[in-house]
Amino acid sequence: MSEFLVSLFGERLVNSEKAEVDVQSLGAKLSLVGLFFGCSLNAPCKQFNGSLCEFYSRFKKASEHKDKLEIVFISSDQDQKHWQDFLQEMPWPALPFKDRHKKMKLWNKYKVTSIPSLVFVDAATGKVVCRNGLLVVRDDPKGLEFPWGPKPFAEVVAGPLLRNNRQTTDSSSLEGHYVGVYFSAHWCPPCRSLTRVLVESYRTVKESGQKFEIVFVSADRSEESFMQYFSEMPWLAVPYSDEARRSRLNRLYGIQGIPTLILLDAEGHMITRQGRVEVLNDPECRLFPWHPRPVLELSESNAVQLHEGPCLVLFVDAEEEGELEPAKELIQPIAEKLMAKYKAKEEEMPLLFFVAGEDDMSDSLRDYTNLPEAAPLLTILDMSARAKYVRDVEEITPAEVEQFVGDFLAEKLKPEPI
């Protein structure tokens, strides 16, 4: 266990008294680590820190599991004085201020897209136990549900579900269906845009004879808004009044923003978190149930994924539809091999794969990241770290791509700033 934590944090953390904390000595009984991603200048982080301090103090005093949990602060502060002042308010250790590389690795590894964020991970393996710790602190203030691990979807969603004619059906009616869990709200313009497309996709899939259902989990601010929005939807919803169940579903899938569409198979296992992208990219639903594809063609609708972690992007000289196929075929076996490796470890892919041709989207990306005009051009872009890795060679071969990916994952490549 200690060996893994050392690989995650390094040998030393620091505490509010400016003393070093030996990672090896965090405790043999430790089974769960809460990674608190935040910043001293962010008001929601300051507010959440107060709640987390109360939660932590109560847990350490009263819980029978008090020795099994530790929290580590991972800051995005740019000013050391602000960071140090914030750390004074915390009873747990933090990554050293200067260790920016490890901080960024953790942000990428756990795909943190907003702050404050609290991710609970297994202390022995680093696997995510609960992605949305903010809801744990709010919903389980005494820590009675420790270690807050994931429960089956059928158990979390159990109970009556609404139809928009105000009739109800039991959640057991979802058995044997592909299910889309749709986190959305009327006040959110991108949500309303997606809903209009999703209604058509839902009808297309149902008419094709597939067993498919969607469950709306509302983030609306009033029951009136919920009912107005839900009246546009031909599927099911968790009752707005059942705030606890809505919160448990948010916690189960670590929802950090809306709209989010989670796709599940007939056994309740996750197919993809990227239902929004899949629906927008496949209006005719030919690829339903939208299993993850190893390589994507860069488009306006999936470009949002460039901000969710490091991405390999192979730029090629292609303007017409179909001209990207040779590029996809070149890198697909490498992407498939990596996908299988991480699926076997039950971990998320550390790298997404794209091919990009000659179009406005690719031009904008090249301009934004200050890439050379060459084609073909092999790159890895890490937007959150504002870093890029470029391999500009005359011929892109599978061996060249595999070497590039391997060197990146082994941290042998030197980043250039974006």
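Pro-116 lies in the loop between helix α4 and strand β5 (117-122), where helices (H or I, at least four residues) and strands (E, at least two) are DSSP runs numbered from the N terminus. A cis peptide bond joins Ile-115 and Pro-116, with omega at about -5°. The structure is a predicted model, in which local features need pLDDT of at least 70 and side-chain atom pairs count only at pLDDT 80 or more, while totals for chains, interfaces and linings use all residues. Residues are numbered from 1 along each chain as its sequence is written, and side-chain values use heavy atoms, with hydrogens and water left out.

**Overall fold and dimensions**

- The protein chain holds 13 helices and 19 strands. With a radius of gyration of 23 Å, close to the 22 Å that the globule rule gives for 418 residues, the protein chain is as compact as a globular protein of that length; the radius is taken over C-alpha atoms, and the rule is 2.2 Å times the number of residues to the power 0.38.
- Taken along the principal axes, the box filled by the C-alpha atoms of the protein chain is roughly 65 × 60 × 35 Å.
- Of the contacts in the protein chain with a separation of 6 or more, 63% are accounted for by residues 24 or more positions apart, a contact being heavy atoms within 4.5 Å.

**Surface, burial and charge**

- Of the 418 residues in the protein chain, 50% are buried, where buried means under 20% relative accessible area, exposed means over 50%, and partly exposed lies in between (1.4 Å probe, protein chains only).
- The accessible surface of the protein chain comes to about 20,200 Å², and 48% of it belongs to carbon and sulfur atoms; the areas come from the Shrake-Rupley method with a 1.4 Å probe, and for residues only the protein chains shown count as cover.
- There are 49 positive and 64 negative side chains in the protein chain, and the centres of these two sets lie 8 Å apart. Lys and Arg count as positive and Asp and Glu as negative, without His and the chain ends, and the place of a charge is taken as NZ of Lys, CZ of Arg, CG of Asp or CD of Glu.

- Within helix α4 (residues 100-109), the buried residues are Lys-103, Leu-106, Trp-107 and Asn-108.
- Just after α4, Lys-111 takes a positive phi of about 50°, although Lys-111 is not a glycine.
- Lys-111 belongs to the loop between α4 and β5, and with a relative accessible area of 22% Lys-111 is partly exposed.

**The loop between α10 and β14**

- The loop between α10 (275-281) and β14 (295-297) contains Pro-289, which a cis peptide bond with omega of about 10° joins to Phe-288.
- Cys-285 is also placed in the loop between α10 and β14; its phi is near 60°, a positive value in a residue other than glycine, and at 10% relative accessibility Cys-285 counts as buried.

**Cysteines**

- When a disulfide is defined as a pair of cysteine sulfur atoms within 2.5 Å, the count comes to 0 disulfides.
- Cys-130 is in no disulfide, and the nearest cysteine sulfur, that of Cys-45, is 17 Å away.
- Cys-130 counts as buried at 3% relative accessibility, and Cys-191 is buried with a relative accessible area of 0%.

**Pro-93 and its surroundings**

- Pro-93 lies in the loop between α3 (80-87) and α4, and at 7% relative accessibility Pro-93 counts as buried.
- Leaving aside residues up to four places away in sequence, Pro-93 touches Leu-13, Val-14, Asn-15, Val-21, Glu-70, Ile-71, Val-72 and Phe-73.
- Lys-18 is 75 residues from Pro-93 along the chain, and their C-alpha atoms are separated by 9.7 Å.

**Helix α9**

- In helix α9 (residues 243-253), the buried residues include Arg-245, Arg-246 and Arg-251, together with Ser-247, Leu-249, Asn-250 and Tyr-253.
- Gly-254 follows α9 and has a positive phi, near 55°.

**Glu-394**

- Glu-394 is found in the loop between β18 (387-391) and α13 (398-409), and at 81% relative accessibility Glu-394 counts as exposed.
- Glu-394 and Phe-97 lie 297 residues apart in sequence and 41 Å apart in space, C-alpha to C-alpha.
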